[in-house]
There are 2 protein chains.
Amino acid sequence: MATEVTAADTSPWVVASSRRRIDDSWFRVRQDDLVLPSGHEINGYFVWESPDIATVVPVTPGGRFVLCRQYRHAVGRVMLQFPAGGIGDGESAEDAARRELEEETGYTAGSLEPLGRTAAYPTKLSGWHHLFLARDVVAGGCKADDPHEPTQVLTVTAAEIHQLLDSGQVQVGDSVSAALLALRRLGG
Amino acid sequence: MATEVTAADTSPWVVASSRRRIDDSWFRVRQDDLVLPSGHEINGYFVWESPDIATVVPVTPGGRFVLCRQYRHAVGRVMLQFPAGGIGDGESAEDAARRELEEETGYTAGSLEPLGRTAAYPTKLSGWHHLFLARDVVAGGCKADDPHEPTQVLTVTAAEIHQLLDSGQVQVGDSVSAALLALRRLGG
């Protein structure tokens, strides 16, 4: 059983006041003045009200994994990752996963099963990543070719995805979590 | 071998101009005007110049995993995670991992081995998470008791960490990646 080593009061912090710092549809930032359960105060704590994201690990009937290679501007690198994107207003995480898979890769999902959700940076970002495994994905859907997100699509075998993960060639956080959870689910 | 399905130009984007939007030591944000290899332009692209983080999966000689439970304000939840924190100026990722482990839990690391690095949100955040496995950690170090980060410390068995991961009870992204990579390394 889990053993408690040290205790602490992890009650929610109280927001004494809050103000908008950036109000852009891509980047809404607020600053909160906070009171902790101990009575300590933190003034001007920044929160990016980040979007919820759907991330999907697509596997073909032949057991190949479908990946994307894209330039990621904030880190300034070309990165290998699984299809992922923002969940629209009123859209379910499942529908977003199916949509992003088709838009980014041209593959469409057979069955879709949830792998859980993660918070990429829960001290500063409010959004969640909803992770899915898509089995029996097939080519032939409608790739969107977004001019603002040039995307190379590639497929790899199960042995290759293990090798890519263990050698650190997949570095996008939610893709690493989703891939490793998917491989556990697939028993591989 | 990896099979290319569709090609695209993933050359770096050119920064035509850039301006500071928030210049706080905890939250430095800039906006870039960008030119893509296709010639398309994106104006006012937001980047949070986020800190590099060290995340460490601590395992005792008896095979127990050391976890923290903390309130995370941006998502408004108490979350279970491995010790993690910002890498200081001039500090190595390894030194930060050792320091954060001791400050947050009171445990000190025996050996430390890198598990790779991940980018939590590489389109919008510039920082990296450096992931480590710390074997043979022992209690008796100096827990910092930061009043701004009340932390419960607990230890769980290997069977319990598997169960916590598979049931979605660890939800902090870098902790999920680090734990799953550590379990592969440990052969469990």
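Author: Six nonpolar, three polar and one charged residue make up the lining of the second largest cavity (Ala, Val, Leu, Ile, Met, Phe, Trp, Tyr, Cys and Pro count as nonpolar, Asp, Glu, Lys and Arg as charged, the others, Gly among them, as polar). This is a predicted model, where local features need pLDDT of at least 70 and side-chain atom pairs pLDDT 80 or more, while totals for chains, interfaces and linings use all residues. Residues are numbered from 1 along each chain, chains are lettered from A and ligands numbered from 1 in written order, and side-chain values use heavy atoms, without hydrogens or water.

The cavity holds about 60 Å³ (on a 1 Å grid over the protein atoms alone, points where a 1.4 Å probe fits but cannot get out; lining residues have an atom within 4 Å of a point; the volume is that filled by probe spheres on the points, joined across faces, edges and corners). Strand S9 (residues 111–118) of chain A gives the most, four residues (strands are DSSP E runs of at least two, helices H or I runs of at least four, numbered from the N terminus).

Now follow B:Gln171, in the loop between helices H2 (158–166) and H3 (173–186) of chain B. Its contacts (heavy atoms within 4.5 Å), beyond neighbours within four places in sequence, include A:Arg117, A:Thr118 and B:Val176. A polar atom of its side chain lies 3.5 Å from the backbone oxygen of B:Gly168.

Terms used: A polar contact is a pair of N or O atoms within 3.5 Å; within protein, one must be able to donate a hydrogen and the other to accept it, and residues adjacent in sequence count only if both atoms are side-chain atoms. On a 1 Å grid over the protein atoms alone, a cavity is a set of points where a 1.4 Å probe fits but cannot get out, and a pocket is an open set with protein on both sides within 12 Å along at least five of seven lines; lining residues have an atom within 4 Å of a point.
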